[in-house]
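Dear colleague,

I am passing on a structure to you with this email, and below it you will find my notes. Please keep the structure open beside the text as you read.

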Amino acid sequence: MHGRLKVKTTAEQQEAKRKEREKKMKLYNAATSKIFQKRQGQEYDQEALELTAQILSANSDFYTLWNYRKEIFLAFKEKSTEDELHKLFEDELSFLEACLKGNPKSYGCWEHRCFVMLTMPCPDWDRELMLCNKYLEYDERNFHCWDYRRFVVKRAQVTPEAEFEFTTSKISSNFSNYSSWHYRSKLLPLIHPDPKHPGGVKDDVLIKEFELAQNAFFTDPNDQSAWFYHRWLLGRAEKQLAIDCVYVSRELRRVMVRLSKPAKIGADLSLQVSLDGVQCTGEWTTPANSNDHSLLWLFNLTAPLDGNEHKVMVAMEGSSRSCTLKDGDEKASSVDEVKPGTLFSYQLSAATSDTLTQELDACQQLYELEPDNKWVLLTIMLLMRAIDPLKYLKETLEHIDTIIKVDPCRTNYYKDLRSKFLIENAIEEQGLSAKSVDLSNRELTTLRHTEYMCTAERIDLSNNKLSSLPGCESFQCVKELELKGNQLKSCEKMECLPLLEDLSLTDNSISTMEGLRPLTLCSKLKKLNIMGNPLCEQDDFVEELRNMLPSLDTLIT
């Protein structure tokens, strides 16, 4: 322990301590063994209570013994009078208090106390509330006690308003109380619900809460509790589930649908496809053939799409979208373009523009005082993205360079965040219907929002820092994929690209044939450039590669 002198012990003293420990361990093991025997024999008596109490007093995290005590109390409940039961449960509450003094963060103790209060006759919930207050005076961030308090409050019929005042008092005494901030976030939507946004909070109340959070992080900018609460206040707009895009391919006899938010067809959503007014039967799959929630879903048509005009409609409850495949056309799509700078803003905040601007001004004032604070920098970036991602791009990138210097341990996270911002801006600028998407020379370290490139036929990701292509299975329409000058070691996920014809992997890090094996499923691949990869230094790899990919017309090594 800090502040205590280390006293050297003699060999004789050490030996005495060892013997004492052995003696205690023998007693502990003997008592435990006897308890297990009694439980196996379904002996629910006073002796069992006493034995388990001895062990739990020394080790309150022995969950099996708490369960045994529950069984004992349930047995007593069947054969005891109400007065006898009341005394038993009161004694148990006192025993639990003694255990919690030794280990106030014991899951078993708090869970058993819930059982006792729910099982005993005439529980005193007001007393339990006072007990919670006392424990939170000793340790105001004990989340076990906060959880138990919510359990008690629900049964003591304490109003949300009263609990909200309680969180205010705890925060006023100590800003660094994450549990209080978190509890506050649960209470606000109950007390001041926003009728326009389910789960939201009224604007006038939000402004007051922003002021409270500002007071906290201006007082201690390095404490993360208030920053997390501030981030929650900014919130996220809830998008309504709808069909954003429908794409039809005559060649693949396939319908592709992009939703407004991830969903799982079958579990969360029912989608019906009709061709020329006739409902189609079939199964929906994701591009990766996974069973996860997804923005992008594929439907294979069983009926042939001849050269004539066809109308495809995809419908769900409350929403539908149709797409007309005209005579002679190989593909058709229906997609709504959005105002540049607004496509991804819902992910950052549901607050009004004026509120966001006020918060940005406040954070920039704090930044002048605390230029090396990562929480200030990160919040400024998120606010700028929510207000106008295109206008503030240059400043956002400068802040990312700064935050990497300030917080080098999370460099990769900030680089990925930078990549996310750049991809979002490129999609906003180039449009959702773009047939060619240019993301080259941007130092990207990861891919994001690939679902919004699902109809692009040419995608340029050259001269970045990509070591993998997460989400590239969404490139369902891509014919030409430029990946020159990255750090790829394999073509993982490219087997999901049904129309890929031209692939450039120049100057990457592919060193084995296995790294190229996914391309065997790309039946339309005609041109492959792997020049500048370690694989090219191996003997006789060209013949082996041509045997593996017989459909290739052009192989550049």
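**A buried leucine and its surroundings**

At 0% relative accessibility, Leu259 counts as buried, a word used here for residues under 20% relative accessible area, with exposed meaning over 50% and partly exposed the range in between (1.4 Å probe, protein chains only). The model is a predicted one, in which local features need pLDDT of at least 70 and side-chain atom pairs count only at pLDDT 80 or more, while totals for chains, interfaces and linings use all residues. Residues are numbered from 1 along each chain as its sequence is written, and side-chain values use heavy atoms, with hydrogens and water left out.

Leu259 is found in strand 2 (residues 254-263); strands (E, at least two residues) and helices (H or I, at least four) are DSSP runs, numbered from the N terminus. If neighbours within four places in sequence are left aside, Leu259 is in contact with Leu241, Ala242, Ile243, Asp244, Leu269, Leu271, Ser294, Leu295 and Trp297, where contact means heavy atoms within 4.5 Å. Between Leu259 and Asn215 there are 44 residues of separation in sequence and 40 Å in space, taken from C-alpha to C-alpha.

**Aromatic rings**

Trp284 lies in strand 5 (residues 284-285) and Phe299 in strand 6 (residues 294-300), so the pair ties together parts that are 15 residues apart in sequence. Trp284 counts as buried at 14% relative accessibility, and Phe299 counts as buried at 2%. Ring pairs also link Trp110, Trp125, Tyr135, Tyr148 and Phe151 into a cluster.

Charged side chains meet rings as well. The charged end of Arg149 sits over the ring of Phe166, 3.6 Å from its centre, and Arg150 lies over the face of Tyr183, at 5.1 Å from the ring centre; a charge sits over a ring if NZ of Lys or CZ of Arg is within 6 Å of the ring centre and within 35 degrees of the ring normal.

**Two helices side by side**

How do helix 11 and helix 13 lie, and what angle do their axes make? The axes of helix 11 (residues 224-234) and helix 13 (residues 374-387) come within 11 Å and cross at roughly 5 degrees, the axes being lines fitted to C-alpha atoms, for helices over the stretch in contact, and the angles running from 0 to 180 degrees between N-to-C directions. Helix 11 and helix 13 are therefore roughly parallel to each other, as angles under 35 degrees count as roughly parallel, over 145 as roughly antiparallel, 65 to 115 as roughly perpendicular and the rest as oblique. On the side of helix 11, Gln224, Trp227, Phe228, His230, Arg231 and Leu234 take part, and they meet Trp375, Val376, Thr379, Leu382 and Leu383 in helix 13.

Cys363 has its place in helix 12 (residues 353-369) and is buried, with a relative accessible area of 0%. Apart from neighbours within four places in sequence, Cys363 is in contact with Trp227, Val376, Thr379, Ile380 and Leu383.

**Two positive phi angles**

Most residues other than glycine have a negative phi. Arg253, although it is not a glycine, has a positive phi of about 50 degrees; Arg253 is placed in the loop between strand 1 (243-249) and strand 2 and counts as partly exposed at 35% relative accessibility. Asp540 has a positive phi near 60 degrees, lies in the loop between strand 14 (527-529) and helix 16 (541-548), and is exposed, with a relative accessible area of 65%.

Methods. Rings of Phe, Tyr and Trp (its six-membered ring) pair if their centres lie within 6.5 Å; planes under 30 degrees apart count as stacked, over 60 as edge-to-face and the rest as tilted.
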